[in-house]
Amino acid sequence: MLSTQLLHREWTAFRRPGRLIALAVAALIVIAIGLVFSSTVDCGDPCPVAPTAADGSIVDDQFWFHHRDLGPNGVITVRMTSMTGTITYPPPNHDQIVSGLVPWAKAGIIIKDGVRRGSSYAALMMTGHHGVRMQADYRQDIAGSSGGLSPGSPRWLRLTRSGDTITGAESADGRSWQTVGTVRLAGLPETVRAGLFAASPGDLTLREVGLGGAIEEVRFTQATGVFDHVEVTGAAGDENVAGAAGGKWRSESVGEMNHTDWEKHHTASGAVEKDGVITVSGTGDIGPGGGDGGGLTVTTTLFGLVIALIIVLVVAARFGARSGTPASRQVLAARAVVAGGAIFVAGLVAVGVAVTAGLAILTGKGVNLQPLSPVTGARVVIGLAAVLALCGVLAYGLGVLLRRGWAAILLALVLVAVPYTVAALPLLPDTVAQWLLRLTPAAGFAVQQTAVEYPQVTAHYAPSAGYFPLPGWAGFAVLCAYTLAVLWPAAKRTPAGPPANWR
């Protein structure tokens with residue numbers, strides 16, 4: 001155990017004005033850059049309001065909806081005979097049009113709590129490349145059968161409502177049914193909307209920049225589903241309604257639609273009924289918010305972190321080199337604790353103020369933000385302070401081992417700051433950046449990630465887009481392993497007992 005007296009002595013040696021001023025500057029840089037960026041974010045006047053689910057999270061909810069009322073116990077059944085799509089290049093190449101479906105284009109049947117964006121729903125659908133899926137409340141995704149469909153090989157889809165419980169089933173012939181999944185939508189009203197829908201998210205392409213890095217480009221897409229044998233039983237107010245005819249059906253977009261040049265001059269999104277066949281075309285997506293559409297995250301307020309990291313590494317490496325080989329392992333440990341503790345406090349203040357004040361500014365401007373629970377916020381603030389502290393201890397250990405400040409600083413920057421910086425920017429290929437954040441101490445910065453990767457959402461899941469390849473705890477463990485790997489040899493060549501003059 002380290003004595004209080006030993007820690008006090010080493011703290012007295014550490015707290016030279018130059019070191020404390022450097023740590024204060026590092027903290028102020030994090031705060032200043034976070035506040036400046038938060039103040040300069042411009043999302044329009046007023047900022048567009050993104051749809052939110054019941055839990056407050058930002059979601060995508062845009063599709064064409066051909067629907068009618070459904071009571072507390074009802075069934076909607078359709079036969080789907082075709083699903084096609086169109087992909088249009090962005091300006092200035094609108095004339096370049098490709099026929100096809102993006103992987104998560106979707107068309108099928110849906111039961112939804114009204115037409116408000118973000119309201120609860122359950123849907124059974126065909127997708128572009130993932131077969132039949134049942135999805136609900138933006139995050140639930142259940143796989144059905146694989147493969148596509150055609151007029152000669154149609155797919156029957158059915159959603160059954162029993163109170164708050166929705167069951168999805170599919171069939172190849174309309175007689176033999178297989179259950180895809182069952183979900184519970186808590187709090188559904190007595191009357192909901194049930195009908196046909198079509199949506200198609202933007203086609204994500206990556207344009208190479210830098211040394212092989214990539215930036216995102218999105219092309220407009222549209223999906224079209226063709227349905228017949230549409231039957232609804234248990235419609236609100238008429239328990240024996242069946243068939244697609246009648247004035248009770250409504251057709252409208254959920255979210256904005258028909259504003260693109262393609263929709264204006266070629267094929268508008270919408271629903272057309274002829275001889276019992278309903279064709280529904282739509283764009284957009286239904287699911288968790290992805291990319292910028294998912295709202296800004298807490299990392300938006302932490303762009304100054306890399307500069308603070310460089311200052312911390314320089315201060316700690318010089319401290320290790322200038323203090324020389326410790327007279328004992330207790331002294332080595334005490335100096336590591338003192339250096340790490342000072343950096344932790346500075347990081348805690350810097351990150352805490354930058355995150356709290358930055359998010360308050362963004363919220364006041366009406367910027368769309370993904371919700372941040374107190375527990376997650378505390379994890380980010382405390383976790384980043386601990387990561388900065390461990391990076392400082394790592395640099396201190398390098399200073400002790402190498403005994404030359406410039407060499408320790410250079411190695412610390414190469415091990416930590418350089419991987420973290422180049423991975424955060426679209427400079428290197430995504431796979432290279434991901435391996436850097438798996439194999440170097442920079443993996444520890446994964447503790448700041450709050451964005452979630454969803455398999456059913458097409459997005460650029462790369463470090464330059466804010467996605468770390470390791471979960472926070474695993475990245476922190478990698479950093480701890482590096483720190484121990486540096487301190488262990490330093491401790492091995494240091495005497496175990498206290499210095500001879502220690503009392």
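Biologist: How many positive and negative side chains does the chain have?
Modeller: The chain has 36 positive and 33 negative side chains. Lys and Arg count as positive, Asp and Glu as negative, and His and the chain ends are left out.

Biologist: And how far apart are the centres of the two sets?
Modeller: Those centres lie 20 Å apart. Each charge is placed at NZ of Lys, CZ of Arg, CG of Asp or CD of Glu.

Biologist: What sort of model is this, and what gets counted?
Modeller: It's a predicted model, where local features need pLDDT of at least 70, side-chain atom pairs count only at pLDDT 80 or more, and totals for chains, interfaces and linings use all residues. Residues are numbered from 1 along each chain as its sequence is written, and side-chain values use heavy atoms, with hydrogens and water left out.

Biologist: OK, what's the mean pLDDT?
Modeller: The mean is 91, and 94% of the residues reach 70 or more. pLDDT is the predictor's confidence in each residue, from 0 to 100.

Biologist: Where does the pLDDT fall below 50?
Modeller: That happens over residues 239-247, a stretch that has 19 contacts in the model beyond near neighbours in sequence. A contact means heavy atoms within 4.5 Å.

Biologist: What share of the residues is buried?
Modeller: Of the 503 residues, 49% are buried. Buried means under 20% relative accessible area, exposed means over 50%, and partly exposed is in between (1.4 Å probe, protein chains only).

Biologist: Which residues have the most contacts inside the largest nonpolar core?
Modeller: They are L305, L309, L313, L384, C391 and F445, in a core of 67 residues. A nonpolar core is a set of buried Ala, Val, Leu, Ile, Met, Phe, Trp, Tyr and Cys residues joined through side-chain atoms within 4.5 Å. Several helices supply at least two residues each, including helix 4 (305-322) and helix 6 (374-402). Apart from that core lies another, of 39 residues, with A136 and M257 among them.

Biologist: What does L313 touch?
Modeller: Not counting residues up to four places away in sequence, L313 touches C391, A395, A412, L413, V416 and A417.

Biologist: Is R19 buried or exposed?
Modeller: R19 is buried, with a relative accessible area of 12%. R19 sits in helix 2. Leaving aside neighbours within four places in sequence, R19 is in contact with A13, F14, V315 and F319.

Biologist: And R193, buried or exposed?
Modeller: R193 counts as buried, at 12% relative accessibility. R193 lies in strand 12 (residues 192-199). Outside four places in sequence, its contacts include F65, D69, K112 and R250.

Biologist: Where is N258?
Modeller: N258 is in the loop between strand 15 (250-254) and helix 3 (261-265). Phi of N258 is near 65°, a positive value.

Conventions
Helices (H or I, at least four residues) and strands (E, at least two) are DSSP runs, numbered from the N terminus.
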